Amino acid sequence: MICIDNRHTDAYFNLAAEEYLLEHFSSDVFMLWQNDSSVIIGKNQNIQAEVNLDFAREHHIKVARRHTGGGAVYHDAGNLNLTFIETDDRPDFSKYTRSILAMLSAIGIQAEADERNSIYIDGLKISGCAQFIRKNKILFHATLLFSSDLSNLNASLKSLHDVTETKHYVKSVKSSVTNISDHLPEPLQLSDFKKRIVSDFLGNARNRMYTFSREDTLAINKLKKEKYATNNWNYQA
Amino acid sequence: MSIFELKMPKLAESITEGTIVSWSVKVGDTIVEDDILFEVTTAKVNAEVPSPVAGTIQKIFFQEGETVEVGTVVALVDMESGEHTVEAEPAVVAAPEPPKEAAAPALKEEAKWYSPAVLHTAKEAGIPTAELETLPGTGYLGRLSKKDVSNYIDQKKNGGSAPVAVPAKKLLPVHPPLPNFSTSSEGAAGDVIVEMDPVARIIAERMLQSKQTSPHVTTVVEVDVTKLVYWRNRQKNEFLQQEGISLNYLPAIVEATTRALKEFPKVNASVEGTRFILKKQINVGIAVALDDGNLIVPVIQNADKLSISGLAHSIDTLATKARSNKLKLEEIQGGTFTITNFGTFRNLFGTPIINQPEVAILGVGYIEKKPSVIETPEGDVIAIRHKMYISLSYDHRIINGAVGGAFVKRIADYLENWEK
């Protein structure tokens, strides 16, 4: 498995990167990434029903649609995203949740998952996940609220629109949230948590680091420009 | 003939049903193994389901939007359809050979596809397919949905005549359309219609407004920036080490500009009705291209009060904030003059549009080495020099040619004799 410590923070680029890796990489991938302030909605969600677009615009929060299912989430520099891409005919997504629980336990966080593979500390949500399946390739990704701006999170995900449509949309399940940093036994920076995850990953001799090549970046930017950064994709109804 | 029953797959452990979001095939389509047939979604998973077999889609049982349990048959695939055409070969008769193209009569009908539910509803109401073709569809890819047909039937019953054309779904219903822009064109086949995002709308409005407000004039000066290039080469390593950011030419250009602006107050001004407002502050905007194709002009407040390193830091911070959408309102307001640096894109010179309510904008071109005639006491010699064009677009209501020309030349002089 290769590990990508992706330092790009543009949501459109990063979502394009996920699809690009799923499509073009034969090896299994584990990627850590973060976005600048943005709201990421699920593939089959209604943007107006999920996002307070006025608030997002006023606060320079990007709004992006991802290619996995699930509900709307808020990302910023205090949130860490983990992506797993593997080849599996009959995937069991709970295995990824178990490995995230292990990463948390290593820094002294006792958390638990529910049947939707969301992760909670004392009943408050810190992580949500979503998946994409194309043929036998699967992509699982999860958020980890480490030290996010929770007031921005709540405000940007509070849509003022009541959308009554006949079309099938996936509705977000609202949860009360908390930051991991508020529950740490001793202070830890998110950047150090990331370093720890990467070094644990490299503890396995079969794993290695990978950085995007120039060709990768060009292709990802192309996909971003043609799909993820377009209104056609993000505002589709 | 052998029929394959395509079932809703079990996508993952714990998933018992899925909603069909879209079909990428229709009845009659020929598919090969592994072609994506439909997209299905659950609360968490979005999946594209491939076909395990090759053949022709014979029947589709569930429409887009319907939720189906795992294991339910969603479509039928005729796996031997390829052989049908072979069977149809004529028996041995002495007739002339039939033209080969005649084998594909179905092609024309492919243009319009109706779901089983639509056909069923139409059939019950006695509506022929030809009539269906006149109805506007609001479904996926503009297809006719069951609702469209039902509405049409209701209308017919109520004595309504022609079908009411329902406009296709708008992409951005949140914003009203921009005035002054024609929206009449639907484009020719293959054209892509892109709704402007909010920032693009503002840019479009501002650009148009500027051209309508200010009579633009542009003049260009070629600058020998060899000294500036050498200065940067001498400084850049130490600068990076001390300041933590790399040194480029922009801080020097901003400094030369602010010095010239002090001498030419009419260039650092605005026009309000019949009055000129000569600005006390010198706040220089820098045009920054954004990842999404838009641009923004963050402003260095009191740029004339900053040193080279102060300018470098200010530009670096503003550009980074601009690209990550973190600019505060006060960081994009109050500009009195703008600089746009298309030299980054290896462009030589341009005629930029004034950023209202300012009255002038400086365009900075690419620096390249050129053979140049140098006058020396021993006579003229040809030397390799670094050259750059700078251009100034200005509002001729307040700046006439003499002032505009002298102003750009002054910037050029400062850059040409750069000593630090």
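**Helix packing in chain B and the A–B contact**

Student: Is the crossing in which H7(B) passes H9(B) left-handed or right-handed?

Tutor: The model is predicted, with local features needing pLDDT of at least 70 and side-chain atom pairs pLDDT 80 or more, while totals for chains, interfaces and linings use all residues. Residues are numbered from 1 along each chain as its sequence is written, and chains are lettered from A and ligands numbered from 1 in the order in which they are written. A crossing is left-handed if the near helix is turned anticlockwise from the far one by less than a right angle, and right-handed if clockwise. H7(B) passes H9(B) in a crossing that is right-handed.

Student: How are H7(B) and H9(B) oriented to each other?

Tutor: Helix H7 (residues 250–263) and helix H9 (residues 401–416) of chain B have axes 9 Å apart and pack at about 135°. Angles under 35 degrees count as roughly parallel, over 145 as roughly antiparallel, 65 to 115 as roughly perpendicular and the rest as oblique. H7(B) and H9(B) are therefore oblique.

Student: How many nonpolar residues has the contact of H7(B) with H9(B)?

Tutor: Contact requires C-beta atoms, placed from the backbone, within 7 Å. Ile253(B) and Ala256(B) are among the H7(B) residues involved, and Phe407(B) and Tyr414(B) among those of H9(B). Beside 1 polar and 3 charged residues, the nonpolar number is 8.

Student: Which element supplies the largest share of the side of chain A that touches chain B?

Tutor: In all, 35 residues of chain A are in contact with 31 residues of chain B. The largest share, 6 residues, comes from E10(A).

Student: Which residue of E5(B) is the bridge partner of Gln131(A)?

Tutor: E10(A) and strand E5 (residues 45–50) of chain B run parallel, joined by 4 bridges. The partner of Gln131(A) in E5(B) is Val45(B).

Technical notes
Axes fitted to C-alpha atoms, helices over the stretch in contact; angles between N-to-C directions. Helix = DSSP H or I, 4+ residues; strand = E, 2+ residues; numbered from the N terminus. Contact = placed C-beta atoms within 7 Å. Nonpolar A, V, L, I, M, F, W, Y, C, P; charged D, E, K, R; others polar. Pairing = 2+ DSSP bridges.
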